Amino acid sequence: AAAAGRQYPVSKVVVLLRDMQKELEREADADEEVFDKMDCWCKTNAREKTRSVQSAEARIAELTTTIETSAANSARLQQEIASHEADLAKSQQSLDQATQLREQELAAFNGEEKDMLQSIQALDAALVILAKHSRGAALLDGGVLRGALNAARARILRHPRAVRTALAPSQRRLLLAFGQEQRQRQRQQQRQQRGGGRGGSARAGQTPAFRQPYQAQSGEIVGILRQMRGTFESNLAETRKEEADKRSAFEGLRAAKEDEIRATRDTIDQKRVQLAETDEKHARAKQDVEDTRQSFSTDDAFRISLEEKCAAARTEYESRRRTREEELSAVAEAVSILSSDGARDAFSRTFNGPAALLQLGRGAPPPAARDRRGL
């Protein structure tokens with residue numbers, strides 16, 4: 001019983017080894033817990049930085065495409081705006097030329113209309129005077145008749161095309177010669193009237209001989225004047241119709257050109273807005289790609305550094321773990337050996353046998369001491 005309760009020095013060693021084993025296990029657990037947290041942090045940050053780097057790479061590619069596309073669109077819009085501005089200038093020039101031509105046509109029409117009206121008025125006046133003269137108005141002034149006929153003839157001759165169209169050659173010759181013949185007959189009439197006053201007047205109701213051929217020519221002249229008056233009225237109506245058609249055509253052209261100019265200006269305004277937006281998008285994309293590249297460089301450098309540090313930490317942890325496992329294995333093996341029944345019996349015989357007591361009593365060193373000396 002006394003031997004059973006006695007604690008041998010080897011037992012103390014076993015206790016120390018077991019305490020050491022527990023301490024190593026606690027250190028292993030604590031080291032593993034720290035490593036797991038560190039490894040989780042490494043993996044989490046590595047995933048985040050990898051995603052960030054990949055996202056930055058995709059963003060850089062997208063922004064590069066945007067920069068190239070916006071630059072091409074900007075050049076295209078500038079070219080389209082220049083083309084539309086050239087079209088606008090051509091349309092405006094065409095409208096200005098058409099307006100100038102219309103003003104010239106209107107001025108020409110106003111002049112022609114005025115001339116036609118004056119010609120018709122002159123013919124009307126001549127017809128009235130000829131009608132009075134043919135009825136034998138004795139008090140009719142010959143100068144008035146000549147003036148009316150000359151005015152009518154002058155007006156007629158201002159329109160040679162109408163004369164050639166409306167009058168036969170014989171009528172044109174008669175019209176030109178009638179004024180001179182009329183003056184000659186007027187002078188002859190005056191001489192006969194003076195002679196009749198001295199020698200007696202003609203018989204009542206008898207037409208003087210000099211008036212008979214004149215009245216025939218006067219009737220032809222009246223017909224010519226009426227014919228020319230009808231021609232002038234017809235020409236005036238046609239001229240007014242042509243003017244109305246030209247005015248209507250110009251108004252249609254002007255409306256179309258103004259719509260075209262308005263549409264072109266609207267298109268230019270829209271293109272300029274698109275150009276401003278495209279240039280702004282281009283500038284913003286260039287700034288974004290610079291910022292993204294800077295962020296990419298920072299994240300990629302951090303990711304590389306993180307991988308290196310985490311890899312070094314894993315290597316160090318694996319080295320510590322293997323060393324600790326070797327230590328635990330050695331301690332466990334030592335505890336197993338020292339705690340085995342054979343070792344216990346050997347230690348019991350060594351420390352409890354008579355020879356051991358005798359040797360100890362004589363001052364002989366224990367076996368362990370002898371082993372150390374033998375070493």
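Start with Lys 37, which is exposed, because its relative accessible area is 57% and the cut-off for exposed is over 50%. The model you are looking at is predicted, so read every value here as computed from that model.

Lys 37 has a partner. Its side chain meets that of Glu 33 in a salt bridge, with 3.7 Å from N to O. Both residues lie in helix 2. They are four residues apart, about one turn of the helix. Glu 33 has a relative accessibility of 46%, so it counts as partly exposed. Side chains of opposite charge can pair when their charged atoms come close. In total, the count comes to 26 salt bridges.

Now move along helix 2, which covers residues 9-134. Arg 102 forms a salt bridge with Glu 105. The closest N and O atoms of Arg 102 and Glu 105 are 3.4 Å apart. Why are the two about one helical turn from each other? Arg 102 and Glu 105 are three residues apart in helix 2, so about one turn separates them. Glu 105, at 25%, is partly exposed.

Glu 307 forms a salt bridge with Arg 303, and their closest N and O atoms are 3.1 Å apart. These two residues are four apart in helix 6, so about one helical turn lies between them. Is Glu 307 buried or partly exposed? Its relative accessible area is 39%, so Glu 307 is partly exposed. Arg 303 is buried, because its relative accessible area is 19% and the cut-off for buried is under 20%. Salt bridges can also share partners. In this way Arg 102, Glu 105, Glu 243 and Arg 247 are joined into one network.

Next, look for the sulfur atoms. How many disulfides does the structure hold? It holds one. A disulfide is a covalent bond between the sulfur atoms of two cysteines. Here the two cysteines are Cys 42 and Cys 310, with their sulfur atoms 1.8 Å apart. The torsion about the S-S bond is about -90°, so this disulfide is left-handed. Cys 42 lies in helix 2 and Cys 310 in helix 6, so the pair ties together parts that are 268 residues apart in sequence. Both Cys 42 and Cys 310 are buried. Cys 40, by contrast, is in no disulfide. The nearest cysteine sulfur to Cys 40 is that of Cys 42, and it is 9.3 Å away. The cut-off for a disulfide is 2.5 Å. Cys 40 has a relative accessibility of 46%, so it counts as partly exposed.

Phe 35 sits in helix 2 and Tyr 317 in helix 6, so the pair links parts of the chain that are 282 residues apart. Phe 35 is buried, with a relative accessible area of 11%. Tyr 317 is buried too, at 7%.

Stay with helix 6, which runs over residues 211-338. Asp 299 is found in this helix. Is Asp 299 buried or exposed? Its relative accessible area is 10%, so Asp 299 is buried. What does Asp 299 contact, leaving aside its neighbours within four places in sequence? The contacts are Lys 49, Ser 52 and Val 53.

Now turn to the largest nonpolar core, which has 18 residues. Leu 123, Ile 156, Leu 225, Met 228 and Phe 232 touch the most other members. The elements that give two or more residues to this core are helix 2, helix 4 (160-166) and helix 6. Which of these gives the largest share? Helix 6 does, with seven residues.

Finally, check the database record. An unreviewed UniProt entry lists residues 46-101 and 268-295 as "coiled-coil region". In the model, residues 268-295 are 100% helix and 0% strand. The end C-alpha atoms of that span lie 40 Å apart.

Note on methods: Residues numbered from 1 in each chain as written. Predicted model: local features only at pLDDT ≥ 70, side-chain atom pairs only at ≥ 80, totals over all residues. Heavy atoms only, no water. Buried < 20%, exposed > 50% of the residue type's maximum accessible area, 1.4 Å probe, protein only. Contact = heavy atoms within 4.5 Å. Core = buried A, V, L, I, M, F, W, Y, C linked by side-chain atoms within 4.5 Å. UniProt positions renumbered as here; feature names shortened; annotations may be inferred. Salt bridge = Lys/Arg side-chain N within 4 Å of Asp/Glu carboxyl O.
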